[in-house]
Amino acid sequence: MMLADALRARPSGFDETFALIDGLDDALIHGLARIDEERAAALESIAAAFTGSPLAGRVADSIGKIVAGTVTDEHLAVLAGARSALTGALHDALLTPLDEALGRVREPWAAPAAPPPAGQLLAGGRSWLRELAIAGWRGVDHELAGGGAQAVQALLADPAGRRAAVLLDGFGAELRSAAPVATLDRVPVRRWADLWSRAVLLTQDTFPAPETTPADGRLLLLGVDLHEHPTVFRAQAHGLLETPGGQVRLVRAGVAAAKVDTISGPSAWRMLAAFPVFRAALAEKRAVEVTGMPLTSTGDLLWDETRAVPGEPVDPFAVARVRLGGVTAASTAPLDRHPAVIAEPVLLEGWTAGPESFELGGVTLAVDTDRLPEAGPLTPALVAAATACIGLLRWDAGRWAVQPLAVQSVVRKKPVVAHTGDWALGPTDAKAAKAEAAAGTAVDVLRERAGRLLRK
Amino acid sequence: MTSEGVAYERRSAAPVIAPVRPRKLAKVPFVELAEGRLQGVVSSGSDVERVYVSSITSGDHGLSCNTNNNRPCGGLGGGTYACNHLRALADAAVAQYGLDRVSRYLKATLPDDSDNLWAGLHTTTAPNRAAEVFSGFLRHLAYLEVPPTSDPLPELHWFPAAGAVR
Ligand SMILES: [Zn+2]
C-alpha cells in the first residue's frame, strides 16, 4: 500500500461512528438536564451500537438513566467510556492502513497497566465535570467556568495529579475565556466534548498509569512538537531509539513546564531551564545516549537528565531517510486512543506544492500551518519553499494533514534548513533573539514579584 | 478534502483562546478577563512591597482600586473617575488582548473610529474585590514554582503551541 492510498482511504463505518459521537457531543451543548427527544434518540443509538459488546449492559443502563434525568458520576464515566471506545475504533481504523503504508511495525498492547495512584484529589474535578455536563456548554457562565480552579490547585500540588491538572486547567481556561457561552457565536462542540470526556476518564480513581521499563541505547532525534496552553509549555521530541539488541524503536520524549499566559513564544523555552541536555540535543541536533531511562509501554521516554549524555551531532533528515522505514512503534494506551492523538513522524519528499498543501501521488495533503509555533523558526513561507519535510501526520477536521517539524527549503537560490527545535537554547535569528530578550524579562519580573509576595 | 468544508464545531483542535500579545510586565504584572471583570495588579510607583489591585466590572463598568493590604486607593477615592492604576490596567489589557476583545468583554460601546477604551466606559463604583483578585494573582505567580515534568501528558495534542502572526 502506498502512503497516498492510506491517506485517501475511508475506513468502513467511519462516518457512522462519527455520527454517533456527534450525537453525544450535541447533547452536551444544552446539557444533560434538558434532553429533548432528538437528543435522547441520539444517545439511545449509542447504546444500540454497543449491543453485543461487553459494555452493552452498562452503556444501555447509564444512558437510560441519563435520559430519564439521573446524572451521576458513575453514569457520566460510562458515557465518557463509550465515547472513548468509539474514538478508539476510529483511531485504529486510521492508524492501521497508515502503518501498513509506512512499513511501521505496531506492537500490540499487552502491557499490564500499573496500579492507579491514590485518587482522593479527583473528586473535586469530577463534580465540576458533572456540573458542566448538566448545564451544557450554553449554560456555562463565569462562575461555572471558574468552578474547576480549586480542583486544579489540589491536583497541581501532587505529581501524580499532573496529567489531570494540566487538562482541567487548559479546559477551564477556554471556558473562562468563552464565558458566558450563551452569547458565543460558535461553540467548539467536538473539542470540548473531547476534553470533557477525557477529563471524566482521567478523574476516575481507577484510571491506569502506563507501565515503565528501563531503556538503554542511542536516541536519534527526528524533530520536536511544541504544545502550549495558558499555564503549560511542553516540548515533545520524536526520535528513534537504537537499542543494544539492534532494535530501532519509535519513541517520544517530552518535558513540560508550568507557566502563565504572558510567557509565550520563544521565551517559553526559558521555562525548561531544568533540561539543558534535552534542549541542547534539540538545538544542536545531537544524538543522546540514554541509560536506564524509564520507557513507558506507550513509547514515551520519561526524560531524566541524569540518564542522558549528549553525543555527536546527527542530521535528523539523514536519520529519517536511513532509519525511519520499518521502525517498531508502541501502541497507544487503550483509553487514550482518539484520532487527535495520532502524530506519526514521516519524511516527505517529491511532492508538488499546492496552496498550503502537498500534492502527493494524487492526494492533497494539507499543511497544518496552525501548528507552526512562534517558538521556532518554521514559517508558512519556508514550508511553501520546501523540498523535503519531516513532519507529523495528523487527522482532524475530516482529513489528514502534515504538521512540519523540519524542512529543507530553497530561499533565494540558497538551501535553508529549519527545525522547530532550532531555538531551544534561544533564537538563532537576530530579530527573534531581540524580541525574545525583551519578552524574556517577563519571566524575571514575575519571578521577582513571586519572591516578594508569595512567601508572606 | 480541505478543512474549509468542515465546521469549526467538528474540529478537535478548533482554536478557542487567541494567543496573548507580548507586553512589558514591570508596571502591570497581572491582567485577566475573568469573573465578569477586567482585573489585575499594578505595581506601586514608590514602594516595591506594595501593589494596587484594580478592577472594572463588565456591563456596569464599576471601578475598584485598593492596595494589597486592602487600603483604598487615594487616587480613585471611591469615585467614578479612574485613577492612574486603573488607566495602567486598561492599557495593559488592551496591549495583551487587543482593544476588541477587552471592549467586548466589558460590554463597552466605543464611538466610531475611537481607539480609546475609556470613551466607551460609563463608569460607576463597584465593591472592593481586592482580596479575591490578589489571591488570583498569587495563584498565577505560584505556577512559576510548580516543578517541571516529563509525564507524557497525551491531552496536550489538543493544545498546539501558539503560532505567530507573521
Ligand atoms: Zn488606584
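The largest cavity has a volume of about 80 Å³. The model is predicted. A search of the whole structure finds eight cavities of 30 Å³ or more. Rolling a probe the size of a water molecule over the atoms shows where empty space is left.

Strand 2 of chain A supplies the largest share, four residues.

Strand 5 (residues 286-296) of chain A runs antiparallel to strand 2, and seven bridges join them. In this pair, A:Pro214 stands opposite A:Pro294 of strand 5. Strand 5 of chain A is joined in turn to strand 7 (residues 308-313) of chain A. That pairing is antiparallel as well, with four bridges. Here A:Val290 faces A:Ala308, a residue of strand 7.

Now move to the second largest cavity. About 60 Å³ of space lies in it. Among its lining residues are A:Ala80, A:Arg83, A:Ser84 and A:Thr87. A:Asp194, A:Ser197, A:Arg198 and A:Leu201 line the second largest cavity too. So do A:Leu335, A:Arg337 and A:His338. Helix 5 (73-102) and helix 10 (189-202) of chain A are the elements that give two or more residues to this lining. The residues of the lining of the second largest cavity divide into three nonpolar, four polar and four charged.

The domains put this cavity in context. Chain A is divided into domain 1 (1-108), domain 2 (111-209) and domain 3 (212-329). The lining of the second largest cavity draws at least three residues from each of domain 1 and domain 2 of chain A. What of domain 1 and domain 3 of chain A? Their C-alpha centres lie 33 Å apart. Six residues of domain 1 of chain A are in contact with eight residues of domain 3 of chain A.

Two backbone details in chain A deserve a look. Most residues other than glycine have a negative phi, and most peptide bonds are trans. The bond between A:Ala179 and A:Pro180 is a cis peptide bond, with omega about -10°. A:Pro180 is found in the loop between helix 9 (162-178) and helix 10 of chain A. The other detail is at A:Arg412. Its phi is positive, about 50°, although A:Arg412 is not a glycine. A:Arg412 has its place in the loop between strand 14 (399-411) and strand 15 (414-419) of chain A.

Turn to chain B. There are three helices and five strands in this chain. From the N terminus on, its elements run β-β-β-β-α-α-β-α. Along its principal axes, the C-alpha trace of chain B spans about 60 × 45 × 30 Å.

The strands of chain B form an open sheet. The sheet has five strands in the order 1-2-3-4-5, with mixed pairing. Which strands of chain B are at the edges? They are strand 1 (30-34) and strand 5 (124-125) of chain B, and each pairs on one side only. Strand 3 (residues 51-57) and strand 4 (residues 62-67) of chain B pair in the antiparallel sense over five bridges. B:Ser55 stands opposite B:Ser64, which is in strand 4 of chain B.

A helix packs on this sheet. Helix 1 (residues 84-97) of chain B touches strand 1, strand 2 (37-43), strand 3 and strand 4 of chain B. The direction of helix 1 of chain B makes about 115° with that of strand 2 of chain B.

Key:
Residues numbered from 1 in each chain as written. Chains lettered and ligands numbered in written order. Predicted model: local features only at pLDDT ≥ 70, side-chain atom pairs only at ≥ 80, totals over all residues. Heavy atoms only, no water. 1 Å grid on protein atoms, 1.4 Å probe; cavity = no way out; pocket = protein on both sides within 12 Å on 5 of 7 lines; lining within 4 Å. Points joined across faces, edges and corners; volume = space filled by probe spheres on them. Nonpolar A, V, L, I, M, F, W, Y, C, P; charged D, E, K, R; others polar. Domains from an automatic or database assignment. Pairing = 2+ DSSP bridges. Contact = heavy atoms within 4.5 Å. Axes fitted to C-alpha atoms, helices over the stretch in contact; angles between N-to-C directions.
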